[in-house]
Amino acid sequence: MSSSVPRLVIAAPSSGSGKTTVATGLMAAFAARGLAVSPHKVGPDYIDPGYHALASGRVGRNLDAYLCGPELIGPLFLHGARGCDVAVVEGVMGLYDGAAGEGELASTAQVAKLVRAPVVLVVDASSQSRSVAALVHGFASWDPEVRVGGVILNKVASDRHEELLREALESAGVPVLGVLRRAAQVDTPSRHLGLVPVAERHAAAVEAVTAMAAQVEAGCDLEGLLGLARGAGALSCAAWDAAEVLGGSPPPPLPVPNLGAAPPDPRFGPEGASSSSAGRAEVPEPAPRTAAGSGAPKKPVVAVAGGPAFTFSYAEHAELLTAAGAEVVPFDPLRDEQLPDGTRGLVIGGGFPEVYAAELSANEPLRKAVGALAESGAPVAAECAGLLYLCRELDGRPMCGVLDASARMSERLTLGYRDAVAVGDSSLAVAGTRMRGHEFHRTVVEPGSGAAPAWGVRTPVRRVEGFVQQGVHASYLHTHWASQPGVARRFVERCRTS
């Protein structure tokens with residue numbers, strides 16, 4: 001199968017150069033022209049895809065070569081880009097920045113190569129003129145397999161400044177496809193973990209995206225950018241499909257980092273095991289229950305937390321749960337006092353419960369309902385914010401009390417990719433399942449693990465982390481289930497039989 005959907009990667013020399021403004025504005029400007037735009041984000045970021053969705057009218061999707069493996073980037077990209085006229089991929093950090101100590105892995109440059117897309121480099125041109133040519137030349141020539149097809153100059157001060165920048169770039173051989181002046185109205189507010197999510201400021205976010213689109217429309221060569229996108233190379237892989245991966249053979253194994261000569265520890269998996277051998281062994285599943293008078297299994301309801309407090313999730317998780325036979329029903333823990341009718345399983349992803357601790361605590365009926373569901377043995381999968389919500393308290397305010405642990409805000413930022421292995425069997429995985437995750441929080445949970453931890457984390461230091469008790473699997477690690485689709489199948493089967 002070959003696909004040649006037009007596509008661009010929006011990258012930059014460093015964070016703060018204006019990638020999000022350009023990528024989001026470009027998505028909105030293309031959509032305003034009647035094009036079906038597929039929005040993507042390199043890396044584990046959950047917040048930018050919310051702005052992308054607002055700009056394009058389609059769900060924002062992530063392309064993370066560390067969490068999912070390089071072999072899934074092309075298929076996941078094509079899955080998101082089905083039926084679209086053009087795709088825009090926003091990069092992460094600087095063009096060549098990736099997972100620490102892993103070379104190009106998970107970098108924007110690697111993803112651009114994997115999806116065979118030309119790169120548009122967004123350069124913060126403030127405080128420089130002729131030097132911009134040296135900067136662009138360096139980025140364009142560093143890796144010959146990365147095609148830097150154009151430059152968008154951001155934060156240009158004046159007409160004279162623009163003239164100097166254009167003159168300098170004539171010698172670099174990279175065309176200028178846009179010039180953006182300073183514009184305060186496109187700024188979006190930030191706090192301790194980055195931009196404020198769309199769900200928390202929808203009206204203001206709409207205004208910001210509209211301003212971004214207007215700025216890009218006025219300052220960029222949209223036809224030139226579309227022409228560059230149409231020159232992307234064809235991809236020969238097939239689009240990812242949740243039903244197919246659940247019914248077929250597992251994807252190729254992820255690479256396992258060299259862990260050195262440390263003594264083996266069963267909590268962290270065998271030293272020589274690959275993700276394939278350690279991560280995809282499955283215990284036999286119990287036969288699913290069937291609906292009365294029907295030969296088909298009854299779809300168990302899986303409630304998925306959403307709303308302003310729980311905005312972090314990957315679209316593929318709900319798609320995998322649905323393909324595994326669940327009825328996925330969203331709910332808002334800030335407003336809903338009960339779980340959806342018939343709930344047999346619960347997924348609570350990431351977000352900002354610390355910002356809404358008072359409101360979450362005040363919703364006592366829902367806290368009790370979550371506690372009762374967990375006490376019944378039903379499967380509960382909680383990541384980061386979900387972990388905090390299941391604790392006894394958060395910053396002194398009562399939470400669900402499912403876990404005998406206390407959570408609080410911290411001055412220290414915990415950030416980075418993690419290589420982990422399941423310590424024991426749980427509603428998500430069997431012992432030895434290898435997964436890669438990402439941590440991103442300014443909170444502390446004490447104790448950091450229960451009697452049965454969720455994960456043995458192998459990088460950057462060995463430790464156990466998280467909680468497994470009855471059907472609950474709670475952890476700080478954000479994981480991408482596309483890398484291990486069997487976790488969704490196992491979770492739904494537990495919903496049927498618990």
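Buried means under 20% relative accessible area, exposed over 50%, and partly exposed in between (1.4 Å probe, protein chains only). The model shown is predicted: local features need pLDDT of at least 70, side-chain atom pairs count only at pLDDT 80 or more, and totals for chains, interfaces and linings use all residues. Residues are numbered from 1 along each chain as its sequence is written, and side-chain values use heavy atoms, with hydrogens and water left out.

**View 1. A salt bridge joins Arg418 and Glu439.**
A salt bridge is a side-chain nitrogen of Lys or Arg within 4 Å of a carboxyl oxygen of Asp or Glu. Here the closest N and O atoms are 2.7 Å apart. Arg418 lies in strand β16 (residues 406-422) and Glu439 in strand β17 (residues 434-446), 21 residues apart. Strands (E, at least two residues) and helices (H or I, at least four) are DSSP runs, numbered from the N terminus. Glu439 is buried, at 2% relative accessible area. Arg418 is buried too, at 8%.

**View 2. Lys113 forms salt bridges with Glu104 and Asp143.**
The N to O distance is 2.8 Å for Glu104 and 2.8 Å for Asp143. Lys113 sits in helix α5, while Asp143 sits in the loop between α6 (131-142) and β6 (148-156), 30 residues apart. Asp143 is buried at 13% relative accessibility. Glu104 is partly exposed at 36%. Gln110 also belongs to α5 (residues 108-114) and is buried at 8%. Contact means heavy atoms within 4.5 Å. Beyond its neighbours within four places in sequence, Gln110 contacts Ala65, Pro70, Glu104 and Leu105.

**View 3. Six strands make an open sheet with mixed pairing.**
The order is β11-β10-β12-β13-β21-β20; two strands pair if DSSP finds at least two bridges between them. β11 (327-331) and β20 (467-469) stand at the edges, each with a single partner strand, so one side of each has no neighbour in the sheet. Strands β13 (residues 380-383) and β21 (residues 472-475) pair in the parallel sense over four bridges. Ala382 has Ala474 in β21 as its bridge partner. Helix α16 (residues 486-497) packs on the sheet, touching β10 (301-305), β12 (343-348) and β13.

**View 4. Leu321 belongs to the largest nonpolar core.**
Such a core is a set of buried Ala, Val, Leu, Ile, Met, Phe, Trp, Tyr and Cys residues joined through side-chain atoms within 4.5 Å. Leu321 is one of the buried residues of helix α12 (residues 315-323). Its contacts include Val302, Val347, Trp481 and Phe491. Just after α12, Gly325 takes a positive phi of about 110 degrees.

Methods: Axes fitted to C-alpha atoms, helices over the stretch in contact; angles between N-to-C directions.
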